[in-house]
Each structure stands twice: as structure tokens, then as C-alpha cells.
Amino acid sequence: MSSNYGSVKSSKLKFKGEKKKRKRKLQDVAGDGASGVSEDPTARHGVWWIVRDIQDVKGSVLLEHRQSTSYIIACEDASVALGDIRDQSGEGPDNAEIFTALPGSAADKVALKTGYDKFLTVGVDGSITGRAEAIGSREEFKVSFNEEGYQTLVGCNGRYLTFDKSGSIGCTGQEEKDTSHVVIRTRGDKVRKQETLAEKEKKGSAREYEVNYVKLYQKFQDKKLKISDKGIKELKSARKEGRFHEEMLDRREKQKSDRYCM
């Protein structure tokens, strides 16, 4: 799979009738007068509003570079880049700029899926790519909120998602700086609240959660529920160590009756 990505030229997710836009480097915005979150005209971002709480980071989201008002885009080669500066035309975001946010293993963590149906993942060197097919620790980002309206994202390596002058994006920042400030936007209802995965996992026993989880994905061809033959002890340990969701994924993959893992 990785070899296929390497042979494809980097570009955004393209749809029929969509206008072509070029990637931007951070030096391109110098002198443009791009402002931070305080200047937030509707014409620039339309119906996409700034999230103020982790419970609003769900469904379709945009990841805006605070200094330039550009959005992060997903490319065909699984890389991520910075898109064009937002103007006052009121034009909506490109499909490549829209990510799907899903709850992570902790209340303050999310996973981000690209338009290619892959999750953003953090590499050993801090690079960010969109190749993962399932959510694990490397696909989760810790979200922190600032009173001024911006957010920061921290990868599994404990580093901040940061933009460098060449336009590259990675979890490489050791401390919070202006270059690590993002603005997460959503067009979802402002009426909440959706229970996070971490909150659901805390309810009931580990076995009860496993049964409910299996019911979501199994095909009941023989009218019987097939639970993993692994003991409950592993589930309890995984819950204490913060890797409960990963343990559930491992068990799910071993169930032949799972319609998504056959």
C-alpha cells in the first residue's frame, strides 16, 4: 500500500467541477494582512463556526492555520499541506479541506479522517500522513482550547502540530508557539451533546461494553452473538492503561463474522 502512495503525485482530493488551487507557503502570506481569530468575517468562512468545547469537535471539521486563515488539505499521496488563503468571496471549502472528527480513547482526544477514508497518523519522526485504516494511539490528537478562540493539537509523541515556513505540517513542536495555533471549525449544530468514546467506555462492566461493541459490527447469520474467547482480564487491564479501544479493535479483527474485517 505504501509503495502505491509513493508513485502518485501529491495533489488534493478532486471532484468534478472543482476549481484548482495551489498550495501555499507561509512566506506567501507575509504582508497580506491576514489576521487571527479576532477578525472573523462570515464572508471568509461562511457557516463554519469556531468550536469552543471538545464535544463540538465531531463530524465535518476544518483545520485552519490561525496566522494565515488557510485550511489544512489532504493530498492524494497521503501527505497534508496548507491550502490557499481564505478570501472574502464566501466560497465554501474544498472537499480536500474537510476532515471527519471522531472521538478518541480519552475525553480530550480526537481522530481525524480524510476524504480518502484514511486517518491522519503521526510517524516516528513527527510527520503526519493519512494512511491509517483504523484508530490507534498514533491516530489520536489531544485538543487544548485557548480563551482567544484558537486550539492546539498534540500528537502521540507529545509534540505540538506545527507549521514551518515551507508550509510543511508535523507534530514536531516541543512547546506551544504561534506556529502551533490552529482554529477548528465545524458546521454542525450548536446544540449538543454527544457522548465521547471515553465516557461510554466508563459505563458498565468491560464485558458489557464488549457485547455492545460487537453488536455494532457483527453479521448475525446464525442468530448467535460471537464474543472473543480471550478472557476479560485483558480488557480490564487495557481499560486501566488507556488502550481499551485498541484492545477492542484487536478482538474485532479476529472475529470472522465481522462484516468489516472478513
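Modeller: Let's begin with contacts, meaning heavy atoms within 4.5 Å. Of the contacts in the chain with a separation of 6 or more, 62% are between residues 24 or more positions apart. Please keep in mind that this is a predicted model, where local features need pLDDT of at least 70 and side-chain atom pairs count only at pLDDT 80 or more, while totals for chains, interfaces and linings use all residues. Residues are numbered from 1 along each chain as its sequence is written, and side-chain values use heavy atoms, with hydrogens and water left out.

The chain has 6 helices and 13 strands; these are DSSP runs numbered from the N terminus, with helices being H or I of at least four residues and strands being E of at least two. Buried residues make up 44% of its 262 residues. Here buried means under 20% relative accessible area, exposed means over 50%, and partly exposed lies in between, using a 1.4 Å probe and protein chains only.

Now to your salt bridges. Side chains of opposite charge can pair when their charged atoms come close. The term is used for a side-chain nitrogen of Lys or Arg within 4 Å of a carboxyl oxygen of Asp or Glu. Searching the whole structure gives 4 of them, and I will walk you through some.

Take glutamate 64 and arginine 185, whose closest N and O atoms are 2.6 Å apart in their salt bridge. This pair joins distant parts of the chain, since glutamate 64 lies in strand β2 (residues 59-65) and arginine 185 in strand β13 (residues 182-186), 121 residues apart. Both glutamate 64 and arginine 185 are buried.

Next, arginine 66 forms a salt bridge with glutamate 148, with 3.2 Å between the closest N and O atoms. Here the link runs between loops: arginine 66 is in the one between β2 and β3 (72-74), and glutamate 148 is in the one between β9 (140-145) and β10 (151-154), 82 residues apart. Arginine 66 counts as buried because its relative accessibility is 16%, whereas glutamate 148 is exposed at 51%.

Lysine 118 and glutamate 133 also meet through their side chains in a salt bridge, at 2.9 Å from N to O. Lysine 118 belongs to the loop between β6 (109-113) and β7 (119-122), and glutamate 133 to the loop between β8 (128-132) and β9, 15 residues apart. With a relative accessible area of 14%, lysine 118 is buried, but glutamate 133, at 58%, is exposed.
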